[in-house]
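Here's a quick briefing on this model, meant for reading with the structure open beside you.

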Amino acid sequence: MLKISHLGAKECVTGSCHLVQTDPGSAAGIHILVDCGSAYGDDPELPFDQFPVPVDTIDYLFLTHAHIDHIGRVPDLIDAGFKGEILCTHATKALLVPMLHDAMSFSSRSDKDVHRLEARIDELSWGFELHETFSLKQGITFKLSNAGHILGSCFILFTFAGYRVIFSGDLGCTDTPILPDPDPPDSCDLLILESTYGNRIHPSRKGRVEALRKLLEKSLADRGIVYIPAFSLGRTQELLYELDRIKPKVPVFVDSPLGLAITRIYADLEEFWDKEAKDLKASGDHPFDFKGLYGVERYRDHKKLLDIKGPAIIIAGSGMCTGGRIVDHLKCGLDDPAKDIFFVGYQARGTPGRKMIDGKTPVKAGIHTLTAYSAHADQQMLVNWVHAMPRPPKEIRLVHGEADARRALAEMLGSPIKRPFVNG
Ligand SMILES: [Zn+2]
């Protein structure tokens with residue numbers, strides 16, 4: 001007997017959290033949590049005291065990747081009594097503490113508290129190899145495979161007495177810079193599938209570099225400033241990789257201590273890069289570095305950057321403009337038609353980014369959305385990925401998507417047309 005509850009990101013995109021209970025109600029049952037993320041904007045977060053099981057009875061916490069909407073509540077979970085093991089890939093383990101350190105620095109926690117939690121998270125967490133099967137208590141097994149979403153991202157296959165369940169986590173696009181394409185999935189009985197872009201098709205990657213180049217040229221022709229709100233983890237490194245290809249003739253500032261720290265970790269973990277990135281580095285072109293690129297670490301330098309005259313490109317977090325240094329930049333830039341904002345990532349309902357795109361926040365700056373920069377698979381890729389299973393799953397549950405996206409994807413997955421999995 002197995003019970004799976006979707007405690008977060010059930011009908012929206014942020015706050016991912018799923019609970020697996022074996023033998024629900026029995027003291028011998030095992031409790032596995034998959035992700036424990038923060039929610040943004042209007043998305044809900046279920047209080048821990050409303051979880052179906054007490055937090056101190058959770059045996060394992062699996063983390064599909066280190067984005068805050070998948071890991072952000074881990075410190076609170078520990079404070080609420082969690083004492084189980086945290087399992088993830090080696091790269092996620094390397095990213096976990098830096099990401100949570102930054103998130104906690106925006107909370108009301110004291111430095112001492114932050115250090116205590118960092119040590120505890122480090123103590124409880126374990127990195128695992130991809131593609132190997134490992135055993136948990138009571139004969140449960142798991143295998144992590146590459147999800148191609150950000151460095152370290154994985155999807156998870158669990159086996160419970162022969163019953164196979166896959167959690168997709170966030171699935172990346174094929175041809176994502178730096179990362180190998182998502183692995184094709186094994187067969188399973190139940191698939192818990194993300195559906196962020198279940199109703200969208202992204203333009204091709206070749207097209208998107210060209211689109212970014214043209215949009216930059218057009219936006220910078222008036223010698224203005226282009227702001228790019230970006231997640232520090234994943235999107236910032238992809239943008240640097242693409243800008244390294246474009247080699248813009250204007251200064252590019254990464255105004256994000258976390259983005260810079262994560263870029264250094266990405267640079268250190270070359271073993272997880274794809275062939276193109278490795279070849280580029282071997283040829284002498286470091287994929288995250290180019291002439292005219294400047295890192296802005298100190299707050300006083302950030303303040304100076306607010307007065308800079310264009311042309312320039314400024315990359316800063318947070319990706320949905322909910323906080324961070326991008327908020328200061330936008331205060332200076334929203335009423336200036338010479339300035340442009342490029343949205344390159346998903347903007348959840350109710351976030352300042354989404355309100356600008358939807359025209360609910362009036363601005364004079366140019367607003368541009370580059371959906372091709374999504375770190376999430378589009379409809380066709382999701383369908384291809386499911387159809388790559390040797391046998392179709394008996395049941396698919398769509399999570400991590402708004403209603404329109406889930407509906408459209410459900411329709412496509414229900415269609416009898418089998419498409420070949422395109423890997424590469
Ligand atoms: Zn993610």
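**Leu239 and its surroundings**

Leaving aside neighbours within four places in sequence, Leu239 is in contact with Ile228, Ala230, Ile315 and Val344; two residues are in contact if their C-beta atoms, placed from the backbone, lie within 7 Å. Keep in mind that this is a predicted model: local features need pLDDT of at least 70, side-chain atom pairs count only at pLDDT 80 or more, and totals for chains, interfaces and linings use all residues. Residues are numbered from 1 along each chain as its sequence is written.

- Leu239 sits in helix α6; helices (H or I, at least four residues) and strands (E, at least two) are DSSP runs, numbered from the N terminus.
- Is Leu239 buried or exposed? Leu239 counts as buried, because 24 C-beta neighbours lie inside 10 Å. The cut-offs: a residue is buried if 20 or more other C-beta atoms lie within 10 Å of its own, exposed if 12 or fewer, and partly exposed in between, with C-beta atoms placed from the backbone.
- From Leu239 to Thr141, 98 residues apart along the chain, the C-alpha atoms are separated by 37 Å.

**Helix α7 and its two partners**

- Helix α6 (residues 235-246) packs with α7 at an angle of about 70 degrees, their axes 9 Å apart. Axes here are lines fitted to C-alpha atoms, for helices over the stretch in contact, and angles run from 0 to 180 degrees between N-to-C directions.
- That makes α6 and α7 roughly perpendicular to each other; angles under 35 degrees count as roughly parallel, over 145 as roughly antiparallel, 65 to 115 as roughly perpendicular and the rest as oblique.
- On the α6 side, Thr236, Gln237 and Leu240 meet Gly259, Ile262, Thr263 and Tyr266 of α7. By class, this contact has 3 nonpolar, 4 polar and no charged residues. Ala, Val, Leu, Ile, Met, Phe, Trp, Tyr, Cys and Pro count as nonpolar, Asp, Glu, Lys and Arg as charged, and the others, Gly among them, as polar.
- α7 (residues 257-268) also meets α3: their axes come within 11 Å and cross at roughly 175 degrees, so α3 is roughly antiparallel to α7.
- Ala94, Leu95, Pro98 and Asp102 in α3 meet Leu258, Ala261, Ile262 and Ile265 in α7. The tally for the contact of α3 with α7 is 7 nonpolar, no polar and 1 charged.

**The six-stranded sheet**

- An open sheet of 6 strands runs in the order β1-β2-β3-β4-β5-β6, with mixed pairing; two strands pair if DSSP finds at least two bridges between them.
- Why does one side of β1 and of β6 have no neighbour in the sheet? β1 (2-8) and β6 (125-128) stand at the edges, each with a single partner strand, so one side of each is left open.
- Neighbouring strands of this sheet are turned by 20 degrees against each other on average, direction ignored.
- β5 (residues 85-89) and β6 pair in the parallel sense over 4 bridges, and Thr89 stands opposite Phe128 in β6.
- Helix α3 (residues 90-105) packs on the sheet, touching β5 and β6, and its direction makes about 120 degrees with that of β5.
- In β3 (residues 31-36), 6 of its 6 residues are buried.
- β2 (residues 17-22) pairs with β3 in the antiparallel sense over 5 bridges, with Val20 opposite Ile32.
- β3 and β4 (residues 60-62) run parallel, joined by 3 bridges; Tyr60 is the bridge partner of Ile32 in β4.

**Strand β16**

- Asp340 and Phe342 point one way from β16 (residues 340-343), Ile341 and Phe343 the other way, and all are buried.
- β12 (residues 225-229) pairs with β16 in the parallel sense over 2 bridges, where Tyr227 has Ile341 as its bridge partner.
- β16 and β17 (residues 366-369) pair in the parallel sense over 4 bridges, and Phe343 has Thr369 as its bridge partner.

**Domains**

- The chain is divided into domain 1 (2-200 + 376-414) and domain 2 (205-373); the bounds come from an automatic or database domain assignment.
- The domain centres, taken over C-alpha atoms, are 27 Å apart.
- 26 residues of domain 1 are in contact with 29 residues of domain 2. The side of domain 1 that touches domain 2 has 15 nonpolar, 6 polar and 5 charged residues.
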